[in-house]
Amino acid sequence: MASSTSSSRGSIGPAACFNAKSEAEKIRAAIKDSNRKALIDIVTGCTNAQRQKVKDEYKAVYGKNLTDELSSELKGDFKMLVLALFDRPDVLDAKELMAAMKGLGTDESTLIEILCTRSSQEIARIKAAYQQEFNQSLEEDVISDTSGNFKEFSYLYSRPLATLLQL
């Protein structure tokens, strides 16, 4: 599933001389020292694929889940941002779609942004991630959550938003 960690959407290129073990050690030190700047530099200095390797290496070296460690040490918006950076792109999109449909109302702009700008392959990975994360069908959730003008608009063009999910 390595292909789900690469994406043309990111603007960060691979870190030169990247060493996952070294980065895991730096993150461990930054967590222990509560050094937010060091954590930011480490996390934003490599691609998502490299962050996935750091997560794996952290688990191998320390026997602990890196995102659990970060979750227990960080707070607020900074915590949410750092944890999101450690999600694979398909998992992050799945979480954003769930959040867009959760509760009263629907954040239609999020649905449109994600479902209309991803390739067929990316949507397939998002659907699988959504099923894995929430044990629910993304397609069924989109169909049941959209209504009114939004649903009517999508039908005017003979392509309801949910059809984007039908691969």
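Me: Which residues lie nearest the centre of the second largest pocket?
Reply: In this predicted model, L83, A84, D87, V91 and K95 lie nearest the centre of that pocket. The lining has 18 residues in total.

Me: And what volume does the second largest pocket have?
Reply: About 400 Å³.

Me: Which helices supply at least two residues each of its lining?
Reply: Those are α3, α5 (76-85), α6 and α8 (120-134). The largest share of the lining comes from α6, with five residues.

Me: Let's stay with α3 for a bit. Where is R51 found?
Reply: R51 sits in helix α3, which covers residues 48-62.

Me: Is R51 buried or exposed?
Reply: R51 is buried, and it has no salt bridge. The nearest side chain of opposite charge belongs to D87, 9.6 Å away. D87 is also one of the residues nearest the centre of the second largest pocket.

Me: What lies 2.7 Å from a polar atom of the R51 side chain?
Reply: That would be the backbone oxygen of C46.

Me: Which residues is R51 in contact with, leaving aside neighbours within four places in sequence?
Reply: V43, C46, L85 and F86.

Me: Zooming out, how many helices and strands does the protein have?
Reply: Ten helices and zero strands. Read along the sequence, the pattern is α-α-α-α-α-α-α-α-α-α.

Me: What percentage of the protein's residues are buried?
Reply: Buried residues make up 37% of the 167 residues. As for contacts with a separation of 6 or more, 68% are between residues 24 or more positions apart.

Me: New topic, loops. Where is S34, and what is its phi?
Reply: S34 lies in the loop between α1 (20-32) and α2 (36-44). Its phi is near 50°, a positive value in a residue other than glycine. Most residues other than glycine have a negative phi.

Me: Why does S34 count as exposed?
Reply: Because its relative accessibility is 59%, and the cut-off for exposed is over 50%.

Me: What about N135, where is that and what is its phi?
Reply: N135 lies in the loop between α8 and α9 (138-145). N135 has a positive phi of about 55°, although it is not a glycine. N135 is exposed too, with a relative accessible area of 65%.

Me: How far apart are L104 and D145 in sequence and in space?
Reply: They are 41 residues apart in sequence and 9.5 Å apart in space, C-alpha to C-alpha.

Technical notes. Residues numbered from 1 in each chain as written. Predicted model: local features only at pLDDT ≥ 70, side-chain atom pairs only at ≥ 80, totals over all residues. Heavy atoms only, no water. Helix = DSSP H or I, 4+ residues; strand = E, 2+ residues; numbered from the N terminus. Buried < 20%, exposed > 50% of the residue type's maximum accessible area, 1.4 Å probe, protein only. Lys, Arg positive; Asp, Glu negative; His and termini not counted. Salt bridge = Lys/Arg side-chain N within 4 Å of Asp/Glu carboxyl O. Polar contact = N/O pair within 3.5 Å; in protein donor to acceptor, adjacent residues only side chain to side chain. Contact = heavy atoms within 4.5 Å. 1 Å grid on protein atoms, 1.4 Å probe; cavity = no way out; pocket = protein on both sides within 12 Å on 5 of 7 lines; lining within 4 Å. Points joined across faces, edges and corners; volume = space filled by probe spheres on them.
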